[in-house]
Amino acid sequence: MSEALRYVSTRGGCPAVGLSAAIAAGLAPDGGLYVPQTMPRRDIADFDPAGTLADTAATLLAPFFAGDPLADALPGICAEALDFPVPHRTLPADGAHVLELFHGPTAAFKDIGARFLAACLVRLPRADTRPLTILVATSGDTGAAVGAAFHGRPGVRVVILYPDGKVSPRQAHQLGCFGDNVTALRVAGRFDDCQRMVKAALNDALLQAAVPLSSANSISLGRLLPQMSYYAHAALGWWRKREQPLDLIVPTGNLGNALAALWVRALGLPVGRVRLACNANATLPEFLAGADYRPREAVATIANAMDVGAPSNVERLRWTFDDATLRRGLPATSVADAAIRDTIARHAREHGEVFCPHTATAMQVLDTLRAADDRDDWTVVATAHPAKFESVVEPLVGHPVAVPPALAAMLARPSRADALVADDGALKAWLESAPR
């Protein structure tokens, strides 16, 4: 366990580095994404049956941190970042369960990775005394989670890019409500433009020399690794009760959340079948059905946080598994807006369950399985609280959705975002001229 694990780029164009360097960089110098050089193995017996989510995370991630300067701090990082519940509960429908990941401060699963990354970065020594700028592109939820995780932390500023008019009103308000060391930029384009602009900035050596940069998107290994913890924790609990692997239906856009589940399975823990639920952006369903991988411009949907036409984590997915294996064992379904609306309305009417549009994509996949007489135990992954999407959800369910206290506090703050054109050079110019 003491031998240091090294991390390499998915594109193979730069030397292996330690975990701290991979987390600090965000993106590899060749434009690839960092991945572990070898995938460690974990055993059910390694984990404390009475352990908390933070305990599970510390045990799970110990091999990834082995030999790194952050290794001794790992239990503290987990305790700091994973201090809210992640319930795995039964739904009214037979054999259906839900893993609720939205009980953090911004009511979305992105809180887990963002808080963990922040806890790592503030513990890393830096020779450069200038503030570190964290760039994050968001299709709705990531930016608020990162803003909340880094808000008020000294030596760090956060710049959030989001597609103007393509996030929910409450999401937009969250993104601009922090102030202080967190700035929101509303980009006249799509999420894919925001993601491209962030990657271009991170790959610009001259810009990096002038403005120290890192990333908090799911391209960051510091966000992806902790996302494995809730799947491991739920799967271990399920195995101890049922002696069965945990089968999952995961809503996905940029693929980080789903990849985390697949990595847990690759470690040897009892995650079973994984199904992907996508919105009308069909890049992944088409590829996994056998077509050539073809990234394209994103299509706007009511499940906006999944509006991704060029998922970054495809690189990590295809580095970990060959295409034939993926196509045999990773089905993906594209769900249209009309079906999302119908699913939200029907489950509220028939079962009293209210889902956000993203979670509803996964519920619709489950409903389709049930209609085909599948009665297996499936766990739907719930990624955001429905109150974040009141303009979509409330007309469908016919009543107001209660707002969690932390979200209500954010919505009570003033909010501001600056306009930016969807151009790589525009972000570079903004970063160079913005006060630091």
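The largest nonpolar core of this predicted model comprises 98 residues, and F150, M228 and Y231 have the most contacts inside it. A nonpolar core is taken here as a set of buried Ala, Val, Leu, Ile, Met, Phe, Trp, Tyr and Cys residues joined through side-chain atoms within 4.5 Å, where buried stands for under 20% relative accessible area, exposed for over 50%, and partly exposed for what lies in between, with a 1.4 Å probe and protein chains only. The largest share of this core, eleven residues, is supplied by helix α9, residues 221-242; helices (H or I, at least four residues) and strands (E, at least two) are DSSP runs numbered from the N terminus. With contact defined as heavy atoms within 4.5 Å, and residues up to four places away in sequence not counted, M228 touches L60, L61, F64, A260, W263, V264 and L267. A second, separate core holds 33 residues, including F102, L369, F389 and L407. In soluble globular proteins, nonpolar side chains tend to be buried together.

Residues are numbered from 1 along each chain as its sequence is written. In this predicted model, local features need pLDDT of at least 70 and side-chain atom pairs count only at pLDDT 80 or more, whereas totals for chains, interfaces and linings use all residues, and side-chain values use heavy atoms, with hydrogens and water left out.

Helix α2 spans residues 53-65, and its 13 residues reach 18 Å from the first C-alpha to the last, close to the expected 18 Å at 1.5 Å a residue, the expected span being 1.5 Å times one less than the number of residues. A kink of about 30° is located at T59, shortly before the proline P63, the bend at a residue being the angle between axes fitted to the seven residues ending there and the seven starting there. Ten of the 13 residues of α2 are buried, so that the helix is mostly covered; among them are L60, L61 and F64, which M228 also touches. The elements covering the buried residues of α2 include β1 (7-9), α1 (19-25), β2 (34-36), α3 (74-81), α4 (110-121) and α9. The helix is followed by G67, for which phi is positive, near 75°.

The largest pocket has a volume of about 340 Å³ and is lined by 16 residues, of which A21, A24, A25, Q208 and L213 lie nearest its centre. A pocket is, on a 1 Å grid over the protein atoms alone with a 1.4 Å probe, an open set of points with protein on both sides within 12 Å along at least five of seven lines, and lining residues have an atom within 4 Å of a point; grid points are joined across faces, edges and corners, and the volume is the space filled by probe spheres set on the points. Helix α1 contributes four residues, the largest share of the lining. A24, found in α1, is partly exposed at a relative accessible area of 33% and touches L121, L124, L213 and S214, apart from residues up to four places away in sequence.

N257 lies in helix α10, residues 256-266, and counts as buried because its relative accessibility is 4%; beyond residues up to four places away in sequence, N257 touches L101, F109, Q227, Y230, Y231, V250, P251, V381 and T383. N217, in the loop between β8 (213-215) and α9, is buried with a relative accessible area of 4%, and its contacts, again not counting residues up to four places away in sequence, are L135, V136, A137, V198 and R223.
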